[in-house]
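This report is meant for someone who is meeting the structure for the first time.

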Amino acid sequence: MTVAVVLLIGAVGVPVDPDAPDARSWLREELAKAQYTAARPTWFDRVAQTFLDWLQSLTLPSGGGASWLPVLATLVVIAAIVASWLVFGAPKLALRRRISSELFGAVDQRSSAEMRTAASRAASVGDWSLACEEIFRAVARGLAERTVLTVTPGTTAHDFAAQAGLAFPQSGAALSSAADIFDRVRYLEQAGTEAEYRALTELDAELGAASPAPLAGVP
């Protein structure tokens, strides 16, 4: 008779000697009771014990400096992870915060590339007013994506032009003219022209190829 069967017999108080199938069946029924189920380690218990075992493995018997090597290695790994987050993760989070979804009084989450595509589409059907508006938005969103400057809610076209003019002094006059065009087609409902659209696309390309002046970005 096995030890498990003996324990089972003691638990149920039945002095019998069952055959193997009956013994296994009785044992399963006994172990399924609540007191046995509650005593089983949970997944959290197993994870916690594994973690404690790992912590204990970091400390070797005293008497030598080598016992600190695993701890130092762990600290180095943690420091590397934190440094990587600060170098690569933090700028991305900051960039998402800096690029506001509101642009010149309208909620617009498109990228500068999508805005340029919309401007080109409008120009292809002769809607020069919309084409001018879209390409000016693309200019502003493009500089925000490059983190050259920030366009926040409440920033006007001329506010943007003034900020961008600090970063790109050689394009200051063109930026001011571009803001004038945007205000006319957007708010004064004056018709844009093909020539104005071409001037804005040239400005967009010029700024895209240029580097901002040092220390000229306005947060």
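Helices (H or I, at least four residues) and strands (E, at least two) are here DSSP runs, numbered from the N terminus. Read along the sequence, the protein chain follows the pattern α-α-α-α-α-β-β-α-α-α-α-α, with 10 helices and two strands in total. The model is a predicted one, in which local features need pLDDT of at least 70 and side-chain atom pairs count only at pLDDT 80 or more, while totals for chains, interfaces and linings use all residues. Residues are numbered from 1 along each chain as its sequence is written, and side-chain values use heavy atoms, with hydrogens and water left out.

## The chain as a whole

A residue is called buried when its relative accessible area is under 20%, exposed when it is over 50%, and partly exposed in between (1.4 Å probe, protein chains only). Of the 219 residues in the protein chain, 29% are buried. The protein chain exposes about 13600 Å², of which carbon and sulfur atoms supply 63%; accessible areas come from the Shrake-Rupley method with a 1.4 Å probe, and for residues only the protein chains shown count as cover. Contact means heavy atoms within 4.5 Å, and among the contacts in the protein chain with a separation of 6 or more, 60% join residues 24 or more positions apart.

## Helices H8 and H9

Two packed helices are described by the angle between their axes and the distance between the axes. Axes are lines fitted to C-alpha atoms, for helices over the stretch in contact, and angles run from 0 to 180 degrees between N-to-C directions. The axes of helix H8 (residues 157-167) and helix H9 (residues 172-186) come within 9 Å and cross at roughly 170°. H8 and H9 are therefore roughly antiparallel to each other, a label given to angles over 145 degrees, whereas those under 35 count as roughly parallel, 65 to 115 as roughly perpendicular and the rest as oblique. On the H8 side the contact is made by Ala157, His158, Phe160, Ala161, Ala164 and Gly165, and on the H9 side by Gly172, Leu175, Ser176, Ala179, Asp180, Phe182 and Asp183. These residues of the contact divide into seven nonpolar, four polar and two charged, where Ala, Val, Leu, Ile, Met, Phe, Trp, Tyr, Cys and Pro count as nonpolar, Asp, Glu, Lys and Arg as charged, and the others, Gly among them, as polar. In H8, the residues Ala157, Phe160, Ala161, Gln163, Ala164, Gly165 and Ala167 are buried, and what covers the buried residues of H8 includes H7 and H9.

## Aromatic rings

Rings of Phe, Tyr and Trp (its six-membered ring) pair if their centres lie within 6.5 Å; planes under 30 degrees apart count as stacked, over 60 as edge-to-face and the rest as tilted.

Phenylalanine 104 lies in the loop between strand S1 (102-103) and S2 and phenylalanine 160 in helix H8, so their pair ties together parts that are 56 residues apart in sequence. Phenylalanine 104 is buried at 4% relative accessible area, and phenylalanine 160 is buried at 1%. Phenylalanine 182 is likewise buried, with 0%, whereas tyrosine 187 is partly exposed, with 46%. Phe104, Phe136, Phe160, Phe182 and Tyr187 form one aromatic cluster. Threonine 155, found in the loop between helix H7 (128-145) and H8, touches Phe104 and Phe160, not counting residues up to four places away in sequence, and is buried with a relative accessible area of 9%.

## Single residues

Most residues other than glycine have a negative phi, and most peptide bonds are trans. Threonine 147, in the loop between H7 and H8, has a positive phi near 60° and is partly exposed at 41% relative accessibility. Glutamate 189, in the loop between H9 and helix H10 (194-209), has a positive phi near 55° and is exposed, with a relative accessible area of 72%.
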